[in-house]
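Student: I would like to learn how to read a structural model feature by feature, beginning with the chain as a whole and ending with single residues. Could we go through one together?

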Amino acid sequence: YEDQLAQLRQKYDEMSAKISAGQYEIETMQKDLATLQNEFGLTEVEGAGITVILDDNQLGAQAANSGDLNLYIIHYENILSVVNDLKQGGAKAIAINGLRLVTTSEIRCVGNTILVNTTRLAPPYEIQAIGNAANLENALLSAGNAQSYSTLKMLNFPVSYTTTSPNNPSITIPAYAGSVTTKYLTPAADTKE
């Protein structure tokens, strides 16, 4: 009986080791999956950062007389410029009016409507970005192109921003809720031999 008991213990130990190794592999794959979901914007995230508000200018008598109402509204180029400036500042996650941006996101204009991820938006536009708040602020304020935050501020648009601080809670950015299409993507052939 002692030989049989020793063999059973050995088999038990071997099976336990295999189960433990398999469990470790499963846990590793679950952690890798969670990391990828986070990196691709498929999970809600929170952290320090900046919130930027862009709004249309008030249409007064001067606007009515000028005849060009386009000079008084926020265009998709303004939003795109701010988003790009925040990316330059190291933003790790960005949302516009609660819509998470991912690699396949679009910010575009259709007629007089701005679309983000195929969803129509209306002003004011709230752009939230998670990252080093000081770097994001610096990137936002240092950009000097015609569509930038600083230009809008100079033109007296009602734009503003706030950064997180110990007295100001962190920013929460939702998970991407749209679909991802891989219509034109196919795996590359493995050329290694």
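Student: Among contacts between residues at least 6 apart in sequence, what percentage join residues at least 24 apart?

Tutor: In this predicted model, the share is 74% of those contacts in the protein chain. The chain carries 5 helices and 10 strands, and buried residues make up 30% of its 193 residues.

Student: What radius of gyration does the protein chain have, beside that of a compact globule of 193 residues?

Tutor: The protein chain has 25 Å, whereas a compact globule of that length would be near 16 Å.

Student: Which residues of the largest nonpolar core touch the most other members?

Tutor: That core holds 25 residues, and those with the most contacts to other members are Leu 54, Ile 79, Leu 86, Ile 96 and Ile 127. Two or more residues each come from strand 2, helix 3, strand 3 (93-96), strand 6 (113-116), strand 8, helix 4 and helix 5, with helix 3 giving the largest share, 4 residues. Ile 127 shows how such a residue is surrounded: leaving aside neighbours within four places in sequence, its contacts include Ile 50, Val 52, Leu 54, Ile 79, Leu 86 and Ile 96. There is also a second, separate core of 6 residues, with Val 45, Ala 93, Ala 95 and Ile 173 among them.

Student: Which residues of helix 4 are buried, and where do they lie around the axis?

Tutor: In helix 4, which covers residues 133-142, Ala 133, Leu 136, Ala 139 and Leu 140 are buried. They lie on the same side of helix 4, because the arc they cover around the axis is only 130°. Their packing partners are strand 2, helix 3 (76-88), strand 8 (125-130), helix 5 (149-154) and strand 9 (160-163), while the face turned away from this buried side carries the exposed residues Asn 138 and Ser 142. At the start of helix 4, a side-chain oxygen of Asn 132 comes to within 3.1 Å of the backbone nitrogen of Ala 134.

Student: How many aromatic pairs does a search of the whole structure find?

Tutor: A pair of aromatic rings is described by two quantities, the distance of the centres and the angle of the planes. Here the search finds 1 pair. The ring centres of Tyr 149 and Tyr 161 are 5.7 Å apart and their planes stand at 80°, so the pair is edge-to-face. It links distant parts of the chain, since Tyr 149 belongs to helix 5 and Tyr 161 to strand 9, 12 residues apart. Tyr 149 counts as buried because its relative accessibility is 3%, whereas Tyr 161, with a relative accessible area of 25%, is partly exposed.

Student: Where does Asp 55 sit, and which residues is it in contact with beyond its neighbours within four places in sequence?

Tutor: Asp 55 lies in the loop between strand 2 (49-54) and helix 2 (61-66), and it is partly exposed, because its relative accessible area is 22% and the cut-off for buried is under 20%. Apart from neighbours within four places in sequence, Asp 55 is in contact with Ile 74, Pro 123, Pro 124, Phe 157, Pro 158 and Val 159. The C-alpha atoms of Asp 55 and Ala 122 are separated by 9.2 Å, although these residues are 67 apart along the chain.

Note on methods:
Residues are numbered from 1 along each chain as its sequence is written. This is a predicted model: local features need pLDDT of at least 70, side-chain atom pairs count only at pLDDT 80 or more; totals for chains, interfaces and linings use all residues. Side-chain values use heavy atoms; hydrogens and water are left out. Buried means under 20% relative accessible area, exposed over 50%, partly exposed in between (1.4 Å probe, protein chains only). Contact means heavy atoms within 4.5 Å. The arc is that of the directions from the helix axis to the C-beta atoms. A polar contact is a pair of N or O atoms within 3.5 Å; within protein, one must be able to donate a hydrogen and the other to accept it, and residues adjacent in sequence count only if both atoms are side-chain atoms. A nonpolar core is a set of buried Ala, Val, Leu, Ile, Met, Phe, Trp, Tyr and Cys residues joined through side-chain atoms within 4.5 Å. Rings of Phe, Tyr and Trp (its six-membered ring) pair if their centres lie within 6.5 Å; planes under 30 degrees apart count as stacked, over 60 as edge-to-face and the rest as tilted. The radius of gyration is taken over C-alpha atoms; the globule rule is 2.2 Å times the number of residues to the power 0.38.
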